[in-house]
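Colleague: I'm new to reading protein models. Could you walk me through this one with a few questions and answers?

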Amino acid sequence: MPTEFNIVDKYFTRPIQNADLSVGDDAALIQISAGHQLAISADMSVAGTHFLEDCPAYFVGWKSLAVNISDMAAMGATPKWATLAIALPNIDEAWLAEFSRGFFACADEHGVSLIGGDTTRGPLNISVQIMGEVPIGKALRRDSAKANDEIWVSGTLGEAALGLAQLQNKLPENTLTATEKQTCIDALQAPQPRVTLGLALKEIAHSAIDISDGILADLGHILERSNLGANLYWEQIPHVNIINEIDVKTLQSLCLAGGDDYELCFTASTSQHDTILAIGKKLNLKLSVIGETTQETNLNLYDINHQPIKLKTSGYDHFS
């Protein structure tokens with residue numbers, strides 16, 4: 001039976017990159033670039049809560065790091081280092097091989113080095129801490145939105161939520177075609193952090209956040225921290241389109257409050273509109289204006305006839 005140290009050596013130890021001392025000592029040693037601040041975030045992934053029990057291990061590994069890298073993207077930071085703490089109910093070497101393959105595939109794509117962590121026995125629980133660099137005073141924040149900013153989102157909202165609903169058998173039969181099913185499940189299991197977009201927005205956007213709990217909830221954090229409100233327009237929100245009809249209220253709930261999108265929501269002056277469109281074209285990434293911020297502190301959502309839309313929930317809450 002492999003020991004804890006065998007597991008670390010076999011599956012999570014690689015040559016040192018971007019660090020002076022890494023996995024295998026009591027602590028890692030890193031040195032950040034001159035003129036930069038260290039950006040730090042952490043997320044937990046719990047079996048049955050953040051991923052389904054039968055989710056392929058490769059995607060558990062990918063997503064456990066990707067959701068953390070997405071936090072760096074939202075700050076306009078360059079992700080560089082991560083630590084991994086993982087509790088395992090038992091030692092399944094096939095699972096560990098696939099998990100580490102997915103984790104390092106995501107790490108390699110974004111230039112992140114695994115520099116430490118811990119392993120223990122327990123219910124499957126994965127905790128990742130991500131660290132990155134951002135020039136001093138240039139980080140994108142939640143508290144810096146301005147009244148009358150345009151509100152933007154990247155990509156398409158609702159695919160991951162539809163993917164989860166499909167896997168949980170919560171959609172009517174044949175709601176999604178085979179191609180739509182795969183697209184939505186891929187969005188759920190292998191989110192793509194928008195790092196290059198975050199870096200491009202550092203001198204342009206006033207505020208930013210990544211969409212993990214749904215656009216209404218996450219935009220709400222920007223508005224709360226910036227003491228503002230907003231008007232949003234359903235027809236402008238880049239929601240998932242599916243061939244077969246689905247109840248509009250269900251679609252709105254999935255797209256606006258389903259979560260797991262890991263796109264960026266950001267605000268910027270109207271004077272930056274064309275510049276932002278040019279960034280989207282350069283990155284081959286759809287960027288859409290979905291509304292504007294207001295001095296009044298209400299978050300209003302309107303349909304195509306400018307009638308208010310009311311949803312039962314505004315986003316995912318771990319304790320609701």
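Colleague: Which helix holds serine 70, and is serine 70 buried or exposed?
Modeller: Keep in mind that this is a predicted model. Serine 70 sits in helix α2, which covers residues 57-75. Its relative accessibility is 1%, and buried means under 20%, so serine 70 counts as buried.

Colleague: How do helices α4 and α5 pack, roughly parallel or roughly perpendicular?
Modeller: Helix α4 spans residues 159-167 and helix α5 spans residues 178-189, with their axes 7 Å apart. The angle at which they pack is about 105°. Angles of 65 to 115 degrees count as roughly perpendicular, so α4 is, relative to α5, roughly perpendicular.

Colleague: How many residues of the contact of α4 with α5 are nonpolar?
Modeller: Among the residues that meet there are Leu162 and Leu164 in α4, and Ile185 and Leu188 in α5. The contact also includes four polar and two charged residues. The nonpolar ones number eight.

Colleague: Which residue caps the N-terminal end of α8?
Modeller: Helix α8 runs over residues 248-257, and its buried residues include Leu251 and Cys255. Those buried residues pack against α4, α7 and β10. At the N-terminal end of α8, a side-chain oxygen lies 3.2 Å from the backbone nitrogen of lysine 249, and the capping residue that supplies this oxygen is aspartate 247.

Methods: Residues are numbered from 1 along each chain as its sequence is written. This is a predicted model: local features need pLDDT of at least 70, side-chain atom pairs count only at pLDDT 80 or more; totals for chains, interfaces and linings use all residues. Side-chain values use heavy atoms; hydrogens and water are left out. Axes are lines fitted to C-alpha atoms, for helices over the stretch in contact, and angles run from 0 to 180 degrees between N-to-C directions. Helices (H or I, at least four residues) and strands (E, at least two) are DSSP runs, numbered from the N terminus. Angles under 35 degrees count as roughly parallel, over 145 as roughly antiparallel, 65 to 115 as roughly perpendicular and the rest as oblique. Contact means heavy atoms within 4.5 Å. Ala, Val, Leu, Ile, Met, Phe, Trp, Tyr, Cys and Pro count as nonpolar, Asp, Glu, Lys and Arg as charged, and the others, Gly among them, as polar. Buried means under 20% relative accessible area, exposed over 50%, partly exposed in between (1.4 Å probe, protein chains only). A polar contact is a pair of N or O atoms within 3.5 Å; within protein, one must be able to donate a hydrogen and the other to accept it, and residues adjacent in sequence count only if both atoms are side-chain atoms.
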